[in-house]
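Please take a moment with the sequence and the model shown below, and keep both in view while reading.

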Amino acid sequence: MDLYAYSGPVELFGKVIDHHWEAETRASTSRKAKSNLAHRYKKDHGYAERTVITLPGKLYISERG
């Protein structure tokens with residue numbers, strides 16, 4: 001699994017709610033990494049599971065593993 005890093009905005013139903021958020025996660029694909037990070041953001045900030053959080057910024061592989 002690769003270590004993915006995200007640094008960028010967070011959107012709630014298309015509206016920017018955080019202009020700069022940074023986090024990392026391990027995942028097998030970039031799609032799964034974005035899903036993991038969106039889930040973490042919701043959990044850490046008290047949003048319901050079904051809340052639509054998107055991460056429109058770029059995701060980077062910071063370490064191949």
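A residue is called buried here when its relative accessible area is under 20%, exposed when it is over 50%, and partly exposed in between. By that criterion, 37% of the 65 residues of the protein chain count as buried. The model is a predicted one, and every value in this text should be read with that in mind.

The protein chain contains one helix and four strands, which follow one another along the sequence in the pattern β-β-α-β-β. Its radius of gyration is 11 Å, close to the 11 Å that the globule rule gives for 65 residues, so the chain is as compact as a globular protein of that length. Along its principal axes, the C-alpha trace spans about 35 × 20 × 15 Å.

Just after α1, Gly46 adopts a positive phi of about 75 degrees.

How many aromatic pairs does a search of the whole structure find? The search finds three. One of them joins Trp21 and Tyr41 in an edge-to-face arrangement, with 5.0 Å from centre to centre and 85 degrees between the planes. Because Trp21 lies in strand β2 (residues 15–27) and Tyr41 in helix α1 (residues 30–45), this pair ties together parts that are 20 residues apart in sequence. Both Trp21 and Tyr41 are buried, and for Tyr41 the relative accessible area is 3%. The ring of Tyr41 also pairs with that of Tyr47: their centres are 6.4 Å apart and their planes stand at 20 degrees, so this pair is stacked. Tyr47, with a relative accessibility of 31%, counts as partly exposed. Taken together, Tyr6, Trp21, Tyr41 and Tyr47 form one aromatic cluster.

Lys42, in helix α1, is buried yet has no salt bridge, and the nearest side chain of opposite charge, that of Glu49, is 5.0 Å away. A salt bridge would require a side-chain nitrogen of Lys or Arg within 4 Å of a carboxyl oxygen of Asp or Glu. Neighbours within four places in sequence aside, Lys42 is in contact with Tyr47, Ala48, Glu49, Thr51 and Ile53, a list that includes Tyr47, a member of the aromatic cluster described above.

Glu11 is found in strand β1 (residues 2–12). Is Glu11 buried or exposed, and which side chain of opposite charge is nearest? Glu11 is buried, again without a salt bridge, and the nearest side chain of opposite charge is that of Lys34, at 9.6 Å. Not counting residues up to four places away in sequence, Glu11 touches Val16, Ile17, Val52, Ile53, Thr54 and Pro56.

Technical notes:
Residues are numbered from 1 along each chain as its sequence is written. This is a predicted model: local features need pLDDT of at least 70, side-chain atom pairs count only at pLDDT 80 or more; totals for chains, interfaces and linings use all residues. Side-chain values use heavy atoms; hydrogens and water are left out. Rings of Phe, Tyr and Trp (its six-membered ring) pair if their centres lie within 6.5 Å; planes under 30 degrees apart count as stacked, over 60 as edge-to-face and the rest as tilted. Helices (H or I, at least four residues) and strands (E, at least two) are DSSP runs, numbered from the N terminus. Buried means under 20% relative accessible area, exposed over 50%, partly exposed in between (1.4 Å probe, protein chains only). Lys and Arg count as positive and Asp and Glu as negative; His and the chain ends are not counted. Contact means heavy atoms within 4.5 Å. The radius of gyration is taken over C-alpha atoms; the globule rule is 2.2 Å times the number of residues to the power 0.38.
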